[in-house]
Amino acid sequence: MRLELKGICCSYGDQEAVKDAGLEVGDGEFVGLIGPNGSGKSTLLKTVYRALKPDRGSLRLDGKDILSMSYRASASKIAAVGQENELPFEFTVREVVLMGRSPYKRIFDTDTKEDQELVDKALSFLGLSEKAEVSFLELSGGEKQRAIIARALVQQPELMVLDEAANHLDISYQIRLFELLKERKLSVLAAMHDLNMAAMYCDRIYVMKDGRIRASGTPKEVLTEDMIHEIYGVRSRVRLGEPDGRVDISFLSGKN
Ligand code: ADP
Ligand code: MG
């Protein structure tokens, strides 16, 4: 599944939040989106999972215009885990995860054995089997996030859009999630704060600042001391680690 965005512009009132942004995610590629708070990452991702309509620009999935697809059609291909994980109604954790199957159903379809098996597997993978019958509203922040991730997994998407989806997860769940996505060869577009995690998992990274895409490339090309300083105003030391030459960043305190 290949995603292609061109010339995306979004505004809130008269404030332009995303300016002429373009990016591509190739089939099975893990692409990161980094940049400071308020740079427009969430806004851009929302246009992909259709929580927001761009003012201008084109969004294509395998060459097809996403905006002209039915919501059901795009939801069977694109799953998203957003930054906010609140739900307005009371559902059990199992019910929330089961909602991920809805793009495949008509209104009066009952849940199949396959649906239940997928849900059980996802709950177990995310350590939520014991919480399956508990109200979603009673979960901790990290558990809520894991339930929403489970819902996205049972959706069996071809493209996964993650907006800092791992920020409430402990390191073991972060690694399990990213490795599962890699294993399944899903196309992934993920806004990430942790630059070392981005270095570890991303095939390519786009850098956003002030609503624009400022740079893109492999982690080695993008995550340089100069770029990190230019984008975040922070000093760092970047080393190429052993044995795989992976980028390894340590941050220096303000005085260095
Ligand atoms: P990021 O995800 O990179 O932190 P966002 O896309 O959330 O950035 O925000 C980009 C800009 O748009 C910010 O200036 C933010 O204040 C503004 N913004 C985001 N969401 C809204 C909204 N719902 N209404 C008005 N302004 C918004
Ligand atoms: Mg954001």
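**Inside the protein**

Let's start with one residue: not counting residues up to four places away in sequence, Phe178 touches Phe30, Leu162, Ala166, Met192, Met197 and Tyr201. Keep in mind that this is a predicted model.

**The cores**
- Phe178 belongs to the largest nonpolar core, which has 55 residues. Phe30, Met160, Leu162, Leu181 and Leu223 join Phe178 as the residues with the most contacts inside this core.
- Helix H5 (residues 141-154) is the top contributor here, giving seven residues.
- This core lies between domain 1 and domain 2, because both of them give residues to it.
- There's also a second, separate core of 25 residues, with Ile8, Leu44, Leu45 and Met208 among them.

- The protein splits into domain 1 (1-77 + 157-218) and domain 2 (88-155).
- Their C-alpha centres sit 23 Å apart, and the contact takes 17 residues from domain 1 and 16 residues from domain 2.
- Together the two domains bury about 1500 Å², with 60% of that on carbon and sulfur atoms.
- On the domain 1 side, Arg72, Tyr173 and Arg176 supply 35% of the area buried against domain 2, more than any other three residues.
- As for salt bridges between domain 1 and domain 2, the count is zero.

- Ser42 is buried, at 18% relative accessible area, whereas Gln83 is partly exposed, at 33%.

Key:
Residues are numbered from 1 along each chain as its sequence is written. Chains are lettered from A and ligands numbered from 1 in the order in which they are written. This is a predicted model: local features need pLDDT of at least 70, side-chain atom pairs count only at pLDDT 80 or more; totals for chains, interfaces and linings use all residues. Side-chain values use heavy atoms; hydrogens and water are left out. Buried means under 20% relative accessible area, exposed over 50%, partly exposed in between (1.4 Å probe, protein chains only). A nonpolar core is a set of buried Ala, Val, Leu, Ile, Met, Phe, Trp, Tyr and Cys residues joined through side-chain atoms within 4.5 Å. Helices (H or I, at least four residues) and strands (E, at least two) are DSSP runs, numbered from the N terminus. Domain bounds come from an automatic or database domain assignment. Contact means heavy atoms within 4.5 Å. Buried area is the accessible area (1.4 Å probe) that two parts lose on being put together, summed over both. A salt bridge is a side-chain nitrogen of Lys or Arg within 4 Å of a carboxyl oxygen of Asp or Glu.
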